[in-house]
Amino acid sequence: MIGSAVKPAKALARWFQANQRDLPWRLALEVPDAGLVVREAAHPQVSSDRDALPSPRRDPYRTWISEIMLQQTQVSTVVDYYHRWMERFPDVAALAGAAEKEVLEAWAGLGYYSRARNVLATARKVMEDHGGAFPWRREDLLGLKGVGEYTAGAIASLAFNRPEPILDGNLVRVFSRLYALDFLPDGKEGKKAYWDLSRAWVEAHDAALVNEGLMELGALICTPRNPDCARCPLSAHCAAFKTSAQERFPPARSRKDSVDVAGFAVAAFREGKDGEEVLLYTPRKAERLAGLLTFPLFPVADLPALREAWRAGLPGLPKTALRPRAVTVTHSITHHRYRLRIVEGRVEAGARTRSLPEGYAWAPVAGVERMLVSSLPKKIWKAVR
Ligand code: SF4
């Protein structure tokens with residue numbers, strides 16, 4: 001189906017080395033026996049012996065933590081969290097020895113707290129089962145909590161330069177355009193086609209540079225709207241560019257696959273001990289927006305239904321006055337299209353709040369902006385303030 005990926009992979013690697021963003025987790029390691037392995041190094045050959053322990057190119061612990069933090073969170077938000085995390089837990093031993101409370105505190109604001117619990121469980125497993133040395137084989141990495149196909153490929157390739165593929169939304173977009181693929185990696189065959197392509201690329205040239213180059217190209221150049229093809233190192237190899245059909249790839253999900261979510265978003269305030277607080281919610285794994293800190297959302301038709309859902313969902317709260325604002329927030333996330341009317345809530349002053357249901361928490365208003373990482377709750381907050 002495709003020609004050799006060697007030439008475009010080399011072009012991409014050269015572009016990445018010259019244009020990559022300066023991100024803290026991209027620091028190269030000093031490897032005593034192999035000399036200093038730097039980002040600009042000529043491409044070190046990957047050993048053909050798949051069982052030979054590779055010299056890490058980057059610190060696998062740092063690579064892992066950054067990849068987990070970057071799941072569903074923007075790079076600009078992650079940088080500060082990453083620096084603070086590394087000051088507190090500089091290596092896998094320090095993390096494994098920490099109490100869960102401390103780890104959750106350091107994660108606070110990133111949302112999806114199961115990620116924090118998983119990293120703690122994984123750090124302890126790395127200490128107990130692997131003697132503190134991070135595993136580098138894909139199958140061993142997949143045995144770690146919270147490490148799926150993408151993260152296993154990222155750690156193996158970026159930290160150890162193993163030819164292991166990765167696939168996420170950025171890579172799907174780049175591959176779909178490069179090869180004019182008019183399907184998504186949804187079914188078994190579609191998935192296989194994209195993963196095969198990713199494997200072909202990573203085996204064609206330096207694995208770390210190719211994988212990170214693909215990620216960087218998708219983030220900076222081959223963007224969902226208006227890709228910057230004039231600056232793209234792959235334009236000579238790109239089928240969509242040659243036919244001016246960039247916007248046609250990847251194909252949009254059909255309307256029947258998309259789900260409309262209409263209802264209300266509630267920003268409920270109360271006077272806390274140290275000032276005004278607002279109620280936030282972290283949806284559980286099976287819920288929409290799982291793990292993303294947000295405002296309570298109610299997919300109900302009208303205000304009476306909202307009042308009923310509010311009382312039933314938050315029975316521990318004192319009486320709350322719910323007042324609709326004349327503003328509606330619209331937002332699309334993957335195939336969900338949200339249309340939410342904003343409602344402001346005021347919890348009766350002086351009344352005691354009994355315990356909140358799981359996932360709900362009061363947060364100081366002053367710190368809310370920093371805590372929200374997803375675009376939908378950010379839009380809601382902007383509309384409320
Ligand atoms: S030429 Fe344009 S569409 Fe093709 S990969 Fe590059 S940025 Fe994407």
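The following dialogue explains how several descriptions of this predicted model rest on their definitions.

Trainee: Why is S198 called buried?

Mentor: Buried means under 20% relative accessible area, exposed means over 50%, and partly exposed lies in between, with a 1.4 Å probe and protein chains only. S198 has a relative accessible area of 0%, so it is buried. The residue sits in helix α10; helices are DSSP runs of H or I with at least four residues, strands are runs of E with at least two, and both are numbered from the N terminus.

Trainee: Which residues does S198 touch, not counting residues up to four places away in sequence?

Mentor: S198 touches P165, I166, L171 and F175. Contact here means heavy atoms within 4.5 Å.

Trainee: What makes L70 partly exposed?

Mentor: The relative accessibility of L70 is 22%, so L70 counts as partly exposed. L70 belongs to helix α2 (residues 60-70). Leaving aside neighbours within four places in sequence, L70 is in contact with W25, V75 and V78. L70 and L110 lie 40 residues apart in sequence, and their C-alpha atoms are 9.6 Å apart in space.

Trainee: What makes E164 and R199 a salt bridge?

Mentor: Their closest N and O atoms are 3.7 Å apart, so this pair also meets the rule. E164 lies in the loop between α8 (149-159) and α9 (169-178), and R199 lies in helix α10 (residues 188-204), so the pair ties together parts that are 35 residues apart in sequence. E164 is buried at a relative accessible area of 7%, whereas R199 is partly exposed at 31%.

Trainee: How are E344 and R346 classified?

Mentor: The side chains of E344 and R346 meet in a salt bridge, at 3.5 Å from N to O. E344 is buried, with a relative accessible area of 17%, and R346 is partly exposed, with 31%.

Trainee: Why are the buried residues of α15 said to line one face of the helix?

Mentor: In helix α15 (residues 375-384), the buried residues are L376, P377, I380, W381 and V384. Seen down the helix axis, they fall within an arc of 135°, so they line one face of α15. The arc is that of the directions from the helix axis to the C-beta atoms. These residues pack against several elements, including β3 (259-272) and α14 (368-371).

Trainee: How do you know that the buried residues of α5 line one face?

Mentor: The buried residues of helix α5 (residues 100-107) are V103, L104, A106 and W107. They fall within an arc of 160° seen down the axis, so they line one face of the helix. Their cover includes α2, α3, α4 (92-96) and α6 (113-130).

Trainee: What describes the interface between domain 1 and domain 2?

Mentor: The domain assignment, automatic or from a database, gives domain 1 (6-248) and domain 2 (255-384). The area buried between them is about 860 Å², of which carbon and sulfur atoms give 48%; buried area is the accessible area (1.4 Å probe) that two parts lose on being put together, summed over both. In domain 1, Q72, G109 and Y112 lose the most area to domain 2. The count of salt bridges between domain 1 and domain 2 is zero.

Conventions. Residues numbered from 1 in each chain as written. Predicted model: local features only at pLDDT ≥ 70, side-chain atom pairs only at ≥ 80, totals over all residues. Heavy atoms only, no water. Salt bridge = Lys/Arg side-chain N within 4 Å of Asp/Glu carboxyl O.
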